[in-house]
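Have the sequence and the model side by side. The text below walks through them, one place at a time.

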Amino acid sequence: MESFGQVVIFILGLALFWAVQSLAKVMVGPSRSRGRAKAQAQRHFVKGAQVLARSRSAGSAALGRSLAREASEEADKAIALDPRDAASHVLKALALEQQGHLSAALRSMHTALSPPALRTLSQSEKADAYMKRAGLLMASSKGKRAVDSAIEDLNKSLELSSSNAKVHCLLGMCLEKKHMYAEALKSYQDAFALDQNSDEARAGLMRLRP
């Protein structure tokens, strides 16, 4: 659902937040062993994020899947060391999605967006994560329940940050599926106001404008 550039920014943003957070916890943590475990988890996370970014620009599909598997393995290592950190679960979800494992990716996003992991994400990261889960819900299931759940996630994302045109576009698509055409048109209008280069917003407006 995301462009390569958006995914890289999202992953590296999580990596930077993770590094700062981990360093602070190492310095004030209750034990040195706990600090070492978090530092090791950080290294696995950063390596996995870098590998996943490479998988997005791989020259072949086979290489891309291989790199995505490697990224997933690094995410698993980070999770084993620090299972409460949401960033590693998000990384795993992105790596699984890259391999085509949408149901497994969705499970990882559920974990990232559940307590206590959810508390480790910043406000902007929560907004991105809700958008990501909504996209996975729509990609992995076409049923009414998935659409309703996606709409709920997209509204949560917009409550946290209303400036992402892609969230408005996804919401418009979901509302169209529910035949809520006036509401969908408003979502596409909001998206286009934020990004006049959005092909999805333009197409939605063309479909729904009277």
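What follows starts with confidence, then turns to the helices and the loops.

This is a predicted model, in which local features need pLDDT of at least 70, side-chain atom pairs count only at pLDDT 80 or more, and totals for chains, interfaces and linings use all residues. Residues are numbered from 1 along each chain as its sequence is written, and side-chain values use heavy atoms, with hydrogens and water left out.

Begin with pLDDT, the predictor's confidence in each residue, from 0 to 100. The mean for the protein is 89. Of its residues, 84% reach 70 or more. Helices here are DSSP runs (H or I, at least four residues), numbered from the N terminus. Among the elements, helix α1 (residues 4-28) has the lowest mean pLDDT, 52. Helix α9 (residues 181-194) has the highest, 98. Over residues 22-29, pLDDT stays under 50. For that stretch the model has five contacts (heavy atoms within 4.5 Å) beyond four places in sequence.

Now go to helix α2 (residues 32-56), and find Ser-55 there. Is Ser-55 buried or exposed? Ser-55 is buried, because its relative accessible area is 3%. The cut-offs are under 20% relative accessible area for buried, over 50% for exposed, and partly exposed in between (1.4 Å probe, protein chains only). Leaving aside residues up to four places away in sequence, Ser-55 touches Gly-64, Leu-67, Ala-68 and Gln-98. Take Gln-98: 43 residues separate it from Ser-55 in sequence, yet the two are 8.2 Å apart in space, C-alpha to C-alpha.

Next comes helix α5 (residues 102-112). Its buried residues are Ala-104, Ala-105, Leu-106, Ser-108, Met-109 and Ala-112. What do the buried residues of α5 pack against? They pack against α4 (86-98) and α6 (123-140).

His-89 lies in helix α4. His-89 counts as buried because its relative accessibility is 8%. Its contacts, not counting residues up to four places away in sequence, are Ile-79, Pro-83, Ser-108, Thr-111 and Ala-112. Ser-108 and Ala-112 are among the buried residues of α5.

Two loops are left to visit. Pro-116 sits in the loop between α5 and α6. The peptide bond from Pro-115 to Pro-116 is cis, with omega near 0 degrees. His-179 sits in the loop between α8 (165-177) and α9. Its phi is near 60 degrees, a positive value in a residue other than glycine. With a relative accessible area of 58%, His-179 is exposed.
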